[in-house]
Amino acid sequence: MAMVRRRKAIDGRLSALLLFLPPALLLFTIFVVLPIVEAAWYSGFNWNGFGTPTKWIGLDNYWFVFDSRGFGTAFRNNLLIIAVSLVIQLPLALSLALILAERFRGSVALRMLFFLPYVLAEIATGLIFSFIYDGNYGLLASIFRAFGAEAPHLLASTQTSMLAILIVVVWKYFGFHMMLFIAALQGMDKNLVEAARIDGASRMQVLRHIVVPLLYPTIRLSIFFAVVGSLQLFDLVMPLTRGGPADSSNTMVSFLYNNGVSRMRVGYGSAIGVILFVICVTFAFTYKRWFMRDE
Amino acid sequence: MGLLRKLALAAAGLMLSAGAVAAQTTVKWLHIEQNPAQVKIWEEAARRYEAKNPGVKVEMQFLENEAYKAKLPTILQSKDRPHILYSWAGGVLKTQVEAGVLEDITAGVGSLKDNISAAALEAFTVDGKIYGLPFNVSQVGFMYNKDLFAKAGVEGDKIKTWDQFLDAVKKLKAAGVTPIVVGGGDKWPLHFYWTHLAVRLGGKPAFEAALKGQNGGFEGETFIKSGELMKQLVDLEPFQTGFLGFKNQQALGFFGDGKAAMNLAISHHSATQRALAADKKGIPEDKLGWIDFPMPAGAKGQPTDTLGGVNGWLITKGAPKEALDFVKYFVSDEVQRELAKQNFLIPTYKGAEAALSAAFMQNVARNIAASKYHQNFYDQDLGPSVGRVVNDATAEIAGGSMTPKQAAKAIQDAFKQGN
């Protein structure tokens, strides 16, 4: 009897597998695996994107990438974005979440308000901020002038272009992380907090020893999103600075676009893509292995 | 009653289907023109063509300049590609011809060939075959605001040499006028300085030698000197504050608003600055001056040499024959005159330049006619892989992050990498 039942169960799982796996596998292969393999293949060619690649140059494209000053800057900029995401954005999101998870008048409205930037399309955000930052007509310029100071052209200087982008990044994404934290806080078992309060723990102690530890899974998830999102940052950069001036605000993806796509150097662009892919995969697997084992 | 209604419906249905049968061919036309006043004339030309050729529909599609350049390879290789494409000729055109995505229209152009400016048509001829029809030629030079020049006591007509030009910049600055506005964020407006200096310093021989890798290629004396002279100008801080963040459109608007004295422009920008000015009027014809790019000391090029573009329409592989037919109409005397009359372009149809009504554009037309060496924009002529590096490197000279030597080396390296 038991044997029969088990076989039935296996049969059921097998048919489900046969039914549901192939379409998913097919889509995954066509849209994820093949492009990656293709990019790796193209990266060995000197190719302008027309016809089929014929000029094999081995690993030269990779040397060109590592040799260029722009890629180093782009890589450092990505690290900077990650650092700012972790050090400024996440703590900001967490503290706002701790306040707004409580129910009080206007808390829902405030949540919506902070979440709004995340809903806005990246390109639109970039354009809006390029108007705000405009040194002649922008909002920022009028504020500076109101105080009698000369307006800075944030996007036009190699010193400040990255700062301008970082501000937009934090502004745009903190609401998303805040929402993640609020969801986690609301799903939290209130009894634990209450018990601690009865035991005489102060608000700070409750926060440090109960709430934040209970939030760890969400924090880990949030960090994961922040890092991967930072590595992929592109569509905010393009309308703001297009990676300029002098490559000062490129991310790895905008560097890929400016040097691979715009210059019609598909092989070179593919090489950057492969490098980016390796970085992302390494990070994703390492992080999952070390920090997200339990989930 | 019921029967009548049914009959009426059937008749209407018949008419509709008859209409559908008649409109068999759609010609898809992709352009990058931003000036609505000019696009309007184009549209009217398309509608007139449709009226004369029942059964043909001309569909206009628009892409912004930079977006168009980036998408072009993909567009060209898709099955759904437009039939008529905008082109700057040069190295990009050669690549497209090699890839076999364009139609050889030599036979189709026929006798129209003799009516088109030979130099302009030459730009669209690769290995003796014609791949496109030019409709506009342009010259790069300084357009200036006569009022602001007068305010600083500078006489625009007297500027012939590089040193006189630098003096004018100093005077304008001293008078509290922003000497030059430039769309440095787009980079190519900055590459005009370096390129035109090279055209002046070395003339045609220097460019041709560089292409062959002689005299140090683009790292040779002419090109390093171009960078150094450009640096002389940059060191005077002649540009508007924040110029590295300006797009060319913004720069033209800024000029049209009378906020800067000069702009190193493509000749037809004289019309664009009007469209982009805040008041939509810009600098009027009688206040707008033109300075041919000044001659540096020891220049080996001729003062008549010009830097500029040739713009035309390409016919893509497999396009219906109506596509070429429409383009032929577009570059015909009728349409060319109409565009010239409003000073939107320097026409390529011989004789149509007589319709130019502005002294400004008439002057440019004369310059181009007198030019024996008309250098196409480097960023088009050298193809995107090298051309973009020219743009990047020259923008870095302007931003002070590269020395003239480093810039020349970067360009030569890109040229040697050959992709």
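# Chatting through chain B's sheets, domains and cores

Student: In this predicted model, how do strand β7 (residues 140-145) and β9 of chain B pair, and over how many bridges?
Tutor: β7(B) and β9(B) pair in the antiparallel sense, with four bridges between them. Since you have the predicted model open, look at Tyr144(B), whose bridge partner in β9(B) is Gly289(B).

Student: What sheet do those belong to, and what's the strand order?
Tutor: An open sheet of three strands, ordered β8-β7-β9 in chain B, with antiparallel pairing. The edges are β8 (262-266) and β9 (288-291) of chain B, each pairing on one side only. On average, neighbouring strands here are turned by 35° against each other, ignoring direction.

Student: OK, what about helix α12 (residues 269-276) of chain B, how many of its eight residues are buried?
Tutor: Seven of the eight, so α12(B) is largely enclosed by the rest of the structure. The buried ones are His269(B), Ser270(B), Ala271(B), Thr272(B), Gln273(B), Arg274(B) and Leu276(B).

Student: Switching topic. What's the order in the sheet of five strands in chain B, and what kind of pairing does it have?
Tutor: The order is β2-β1-β3-β11-β6 in chain B; the sheet is open and the pairing is mixed. Its edge strands are β2 (56-62) and β6 (132-137) of chain B, which each pair on one side only. From one strand to the next, the twist averages 20°.

Student: Where's the parallel part?
Tutor: Strand β1 (residues 25-31) of chain B and β3(B) run parallel and are joined by two bridges. Trp29(B) has Ile84(B) as its bridge partner in β3(B).

Student: And how do β3(B) and strand β11 (residues 310-315) of chain B run?
Tutor: Antiparallel, with four bridges joining them. Ile84(B) turns up here too, standing opposite Ile315(B) in β11(B). Further along the sheet, β6(B) and β11(B) also run antiparallel, joined by five bridges, and Gly132(B) stands opposite Leu314(B) in β11(B).

Student: Which way do the residues of β3 (residues 84-87) of chain B point, and are they buried or exposed?
Tutor: Ile84(B) and Tyr86(B) point one way, Leu85(B) and Ser87(B) the other, and all of them are buried.

Student: Which residues touch the most other members in the largest nonpolar core?
Tutor: This core has 174 residues, and Ile84(B) is in the top group along with Phe181(A), Val182(B), Trp313(B), Ile315(B), Val327(B) and Ile411(B). Helix α7 (residues 161-186) of chain A gives the largest share, twelve residues. From chain B, domain 1 and domain 2 each supply at least three residues.

Student: What does Phe181(A) touch?
Tutor: Leaving out residues up to four places away in sequence, Phe181(A) touches Ala93(A), Leu94(A), Ala97(A), Leu215(A) and Thr218(A). There's also a second, separate core of five residues, including Tyr42(A), Trp47(A), Met264(A) and Val266(A).

Student: You mentioned domains. Where are the bounds in chain B?
Tutor: Domain 1 is 24-137 + 310-374, and domain 2 is 140-307 + 378-417. Taken over C-alpha atoms, the two centres are separated by 27 Å. Domain 1 of chain B puts 26 residues into the contact and domain 2 of chain B puts in 21.

Student: Which elements give two or more residues to the domain 1 side?
Tutor: For the side that touches domain 2 of chain B, they are α2 (36-52), α4 (90-98) and α15 (359-370) of chain B. The largest share, seven residues, comes from α15(B). By class, that side has 15 nonpolar, ten polar and one charged.

Student: Which residues of α4(B) are buried?
Tutor: Gly90(B), Val92(B), Leu93(B), Thr95(B) and Gln96(B). The buried residues of α4(B) pack against α3 (65-77), β3, β4 (125-126), β12 (374-376), α16 (378-381) and α17 (383-399) of chain B. Just after α4(B), Gly100(B) has a positive phi of about 70°.

Student: Last one: how many residues of chain A are in contact with chain B?
Tutor: 22 residues of chain A, against 20 residues of chain B. The chain A side splits into nine nonpolar, ten polar and three charged residues.

How values were computed. Residues numbered from 1 in each chain as written. Chains lettered and ligands numbered in written order. Predicted model: local features only at pLDDT ≥ 70, side-chain atom pairs only at ≥ 80, totals over all residues. Buried ≥ 20, exposed ≤ 12 C-beta atoms within 10 Å, placed from the backbone. Pairing = 2+ DSSP bridges. Axes fitted to C-alpha atoms, helices over the stretch in contact; angles between N-to-C directions. Domains from an automatic or database assignment. Contact = placed C-beta atoms within 7 Å. Nonpolar A, V, L, I, M, F, W, Y, C, P; charged D, E, K, R; others polar. Core = buried A, V, L, I, M, F, W, Y, C linked by C-beta atoms within 7 Å.
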